[in-house]
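User: I would like a close look at a single part of this model, with its surroundings. Please keep to what can be read from the structure itself.

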Amino acid sequence: MAAIEMNHIVKKYGDGFAAVNDVTIDVADGEFIILVGPSGCGKSTLLRMIVGLEDITSGDMVIGGERVNDKAPRDRDLAMVFQNYALYPHLTVYENIAFPLRLSKQFNGKEIDEKVRNASSTLELDEHLERKPANLSGGQRQRVAMGRAIVRDAKAFLFDEPLSNLDAKLRGQMRTEISRLQKKLGITTVYVTHDQTEAMTLGDRVAVLRRGIMEQLATPRELYENPVNLFVAGFIGSPPMNFLPATLEGDMVELPFGKVRIPADKAERAHGRGLLIAGVRPEHFEDASVMDADKVAEGSTFRATVDVTEWLGDQQYAYIPFEAPPEVQEQLTQLERDLDGESLRTQLVVSLDSASWIRDGEEIELYINAAKMHLFDPSTGENLTAAASGDEGDASRRSSTTRGEGDRVATDGATTSSPAGAHRGPGGATSAT
Amino acid sequence: MKRNSGAGIWIGFAAILVWCLLPVVWILSLSFKPVAETSAGSPQFLPETWTIQNYKDILADGDFTRALLNSFGISLIATLLSVIFATLAAYAIARLDFKGKRLVLSIALAIAMFPVVALVGPLFDLWRTVHLFNTWPGLIIPYMSFTLPLAIWTLSAFFREIPWELEQAAQVDGASPWQAFRKVIVPLAAPGVFTAAILTFFFAWNEFVLAISLTSTTASRTVPAQLSYFVGPDPFNPPFSLLATASVVVTIPVIIIVLLFQRKIVAGLTSGAVKG
């Protein structure tokens, strides 16, 4: 086990294209770090540089206190699970798992047998040990690949989109499995994914990358509640955050649907910037008719016509189209492109209580929790209100303190001495997650 | 209608079998006939009197057994070297990006297209000058050169099909590049290696033009060349039965090798390595 420090890592290809550009991440010993981003953001390249399959153009890669830039993959003592598993088809499951042990020449036959059987029972592969990979299902192959990684007490685990080839149900199961395994073994882990569910559920901290540049490194909660810019805000969350054109007057924000009041400190920080982009998550809207009257009175409400509704049982989504001015529109289109998406129209997605009886085409009175609103600069994409993280959202953030012996510190609001200074505001009073 | 086409298929099979195997059976039958019977111009298909005297004679013939030894030695060494070189070259071609890769491949192809006969004269002169004439290496080198291109092309196709991740996985698991090659890539390319080996061996085993031109004594003469010296005492009556027997004897190793290797030549060995 070891910490992994990446200092100003750059990967430039022959044509000058920087796949990874000045990324600095310190992965503490035993920490579970996720690299996430849309395709082509350099996350896999970064992982392959950690393991040594890709040369580092500049910067330092330090594993366990030792600079490994010029070391061959086999000298780095890391275990990796590949996206397509990369099992040795001519070897049985047993021999596949034993392969790294046999190569190391440190163990005799009995020790190898013991270790392989340990790993196989952890991953419930006992009855498949004598089979060849060709005769296994996708999930079983995935487990064999993990077995090959866990069998040899490597300094760290590296996962390269390990679940992307599995079907949805299996993916959910394996996700829990990986989380359980990592907690049990308490081993430093770097995990690459483009799936934000995996990113949010697995990671102690998540690094969001875009076009080779790290946009934000923070705990999942911090990412969700205090994204530093439009990109992170749009990338994290499903359905994504709504972006609306907004102008600020005093502490009143004018949205296409009406004016809402935001907390004074937020308004102050975003003051004097002209046209802004307001970001509001779907769940911060509600059908005013199903809420307590006094709660509605505290916040702002506006009326809008619902285009389409989607009822999911536990909640429902309503879609409300709106027009955006060209400056905002341009920025949103660019953002959409960065996120691998394609938006056909600007629309508001709101998540409503499933008790709401709203139907397609009806007008609705919507409550908006303006305290949770973010304001972004349309030209730079910077989150102008992010620094206002001293309030409730930040306080209930899950602590991301370094886990010494691999136990996740599950207490909330404890001394949040997060690594890498992801947190801005002081950790305030506790409220359960 | 269906029954008709079924019968048609069987008739076709039979016709092809007769077409292919009749000469072989004829040679077999000849090899069991006494010399007197063949020189008498006997027209019957099967021997009137069965004898294994031909086999005894041919195996007692020192020149023939020596030629057999030469054939085995030269073919096996040429095959071994050719496969080793081809494996390494093909691996480099499939995996590495180096300047002149296309050139190497096109030269290899050009060599394969070059007619052997055109080289006999120059080689004869050259070999005499460098004292390779009538030696094993004198035959091994050209055999190797002529079979390498095909072996390289066959093997590089096989290597390309092996997912690169396997090698990377092996390196991450602690293998040196050589270990990754030997323990992962070569076993997976085995069908290709055996295919190349068989093709090379057949070429070397059957080759006649170079064998007759670049040798002068039984020190290095191979069986195909040696057979042409089987004239017998009477130039108008070649020893057909002995020739047939020799043919049978040289065919047996080929059959054995094919039977041994055909199990190894199984497609789809890489299935299950990666998703798919």
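In which sense do strand 12 of chain A and strand 13 of chain A pair, and over how many bridges?

Analyst: The model is predicted. Strand 12 of chain A pairs with strand 13 (residues 258–261) of chain A in the antiparallel sense, over four bridges. A hairpin of two residues joins strand 12 of chain A to strand 13 of chain A. Within this pairing, Leu255(A) has Gly258(A) of strand 13 as its bridge partner.

Strand 12 of chain A also pairs with strand 11 (residues 242–249) of chain A, in the antiparallel sense and over three bridges. Here Glu254(A) of strand 12 is the bridge partner of Thr247(A). The hairpin of strands 11 and 12 of chain A has two residues between the strands, and Gly250(A) in this hairpin takes a positive phi near 65°.

Strand 12 of chain A, residues 252–255, has two faces: Val253(A) and Leu255(A) make up the covered one, while Met252(A) and Glu254(A) make up the uncovered one. Both residues of the covered face, Val253(A) and Leu255(A), are touched by Ala278(A). Leaving out residues up to four places away in sequence, Ala278(A) also touches Leu244(A), Ala246(A), Met373(A) and Leu375(A). In soluble globular proteins, nonpolar side chains tend to be buried together.

Ala278(A) belongs to the largest nonpolar core, which has 161 residues. It is among the residues that touch the most other members of that core, together with Ile50(A), Leu158(A), Val190(A), Ala207(A) and Leu155(B). Another core, of 11 residues, lies apart from the largest one and includes Leu30(B), Phe64(B), Ala67(B) and Leu68(B).

As for confidence, chain A averages a pLDDT of 80, and 88% of the residues score at least 70. Over residues 388–433 of chain A, pLDDT stays under 50, although the model has 83 contacts beyond four places in sequence for them. Where pLDDT is low, the predicted coordinates should not be read in detail.

Technical notes. Residues numbered from 1 in each chain as written. Chains lettered and ligands numbered in written order. Core = buried A, V, L, I, M, F, W, Y, C linked by C-beta atoms within 7 Å. Buried ≥ 20, exposed ≤ 12 C-beta atoms within 10 Å, placed from the backbone. Contact = placed C-beta atoms within 7 Å. pLDDT = per-residue confidence, 0-100. Pairing = 2+ DSSP bridges.
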